[in-house]
Amino acid sequence: MILSELTFGQKATITAVEHSSPSLVSRIMALGLVPGEQVELLHRAPLGDPLQIKAGSTYISVRRADSSCISISL
């Protein structure tokens with residue numbers, strides 16, 4: 001399952017961050033979205049992009065395209 005598939009208020013744990021661009025992976029991980037971190041979907045913009053998630057005690061907005069490279073487990 002990927003991060004963009006979460007429903008409102010649903011919590012999950014990040015299992016992997018994988019993309020062909022190492023710079024994108026580094027940027028995502030620098031935001032605190034690392035394997036093992038628990039995330040919760042708080043809001044989705046009216047057109048579905050971006051997503052607002054809570055990772056630990058941090059609130060982060062992530063583009064839907066970027067969230068597709070973040071694997072999660074419920």
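Leaving out neighbours within four places in sequence, Leu-3 is in contact (heavy atoms within 4.5 Å) with Val-39, Ile-53, Ser-67, Ile-70 and Ile-72. Leu-3 itself sits in the segment before β1 (11-17), and it counts as buried because its relative accessibility is 1%, where buried means under 20% relative accessible area and exposed over 50%, with a 1.4 Å probe and protein chains only. Its C-alpha atom is separated by 8.0 Å from that of Cys-69, 66 residues apart along the chain. The model is predicted, with pLDDT of at least 70 needed for local features and 80 or more for side-chain atom pairs, while totals for chains, interfaces and linings use all residues. Numbering starts from 1 along each chain as its sequence is written, and side-chain values use heavy atoms, without hydrogens and water.

Turning to the sheet, five strands form an open arrangement in the order β4-β3-β2-β1-β5, with antiparallel pairing; strands are DSSP runs of E with at least two residues, and helices runs of H or I with at least four, and pairing takes at least two DSSP bridges. Strands β2 (residues 38-44) and β3 (residues 51-55) are joined by five bridges, and Leu-41 has Ile-53 in β3 as its bridge partner.

Helix α1 (residues 22-30) has Leu-24, Val-25 and Ile-28 buried. Viewed down the axis of α1, the buried residues fall within an arc of 100° and so line one face of the helix, the arc being that of the directions from the helix axis to the C-beta atoms. The cover over them includes β1, α2 (64-67) and β5 (70-73). Pro-22, Ser-23 and Ala-30 are exposed on the face turned away from the buried side of α1.
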